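Hi,

Here is the structure we discussed handing over. Please load it first, then read the notes.

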Amino acid sequence: MSHAANLKRAARFNPAWQDARIYEHALDIDGNPLLANGEYRFDLREITYGYRDLKPETTFTISQVYQGSTVVCVITENPPDSSHLILLGNTWYAPQEVRASDALGATVSYIAQAMETAPDIRNDTL
């Protein structure tokens, strides 16, 4: 069993971790990204766990809607990829860059921007 799989088993019982889903670009038979009305479509890549890391925040206030980038950490068995989308709880995040990864490749932290609208999901099953 991989290190990421062991972490997922432990995170399932830890209240700090939320359910998360990682989505990737949907591709056609030729390997080209699928578009709908000029927007990319997405397929589910992995069901996992994650959390929003508030440690690097310096101006976080609970009384207003957060406007800037945040750090999202996910457990993943796949290599870091900033073109993925992350559904963490009920919020969609678009990663802007990879912030960090652990030495075993089981967790990845992204600097991400919350999305106002949900993306076009083609396939939501594995």
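This is a predicted model: local features need pLDDT of at least 70, side-chain atom pairs count only at pLDDT 80 or more; totals for chains, interfaces and linings use all residues.

Numbering runs from 1 along each chain as its sequence is written, and side-chain values use heavy atoms, without hydrogens or water.

**Aromatic pairs**
There are two aromatic pairs (ring centres of Phe, Tyr and Trp, its six-membered ring, within 6.5 Å; planes under 30 degrees apart are stacked, over 60 edge-to-face, the rest tilted). Trp17 and Tyr51 pair edge-to-face, at 4.8 Å centre to centre and 85 degrees between the planes. Trp17 sits in the loop between helix H1 (3-11) and strand E1 (18-25) and Tyr51 in strand E3, so the pair ties together parts 34 residues apart in sequence. Tyr23 and Trp92 form a tilted pair, at 5.1 Å and 45 degrees. Tyr23 lies in strand E1 and Trp92 in strand E6 (residues 91-101), so this pair ties together parts 69 residues apart in sequence. Helices (H or I, at least four residues) and strands (E, at least two) are DSSP runs, numbered from the N terminus.

**Ile47**
Ile47 belongs to strand E3 (residues 39-53). Beyond four places in sequence, Ile47 touches Lys8, Ala20, Arg21 and Leu126 (contact: heavy atoms within 4.5 Å). Its C-alpha atom is 9.4 Å from that of Ile75, 28 residues apart along the chain.

**Lining**
Which residue classes line the largest cavity? Four are nonpolar, three polar and two charged (nonpolar: Ala, Val, Leu, Ile, Met, Phe, Trp, Tyr, Cys, Pro; charged: Asp, Glu, Lys, Arg; polar: the others, Gly among them).

Best wishes
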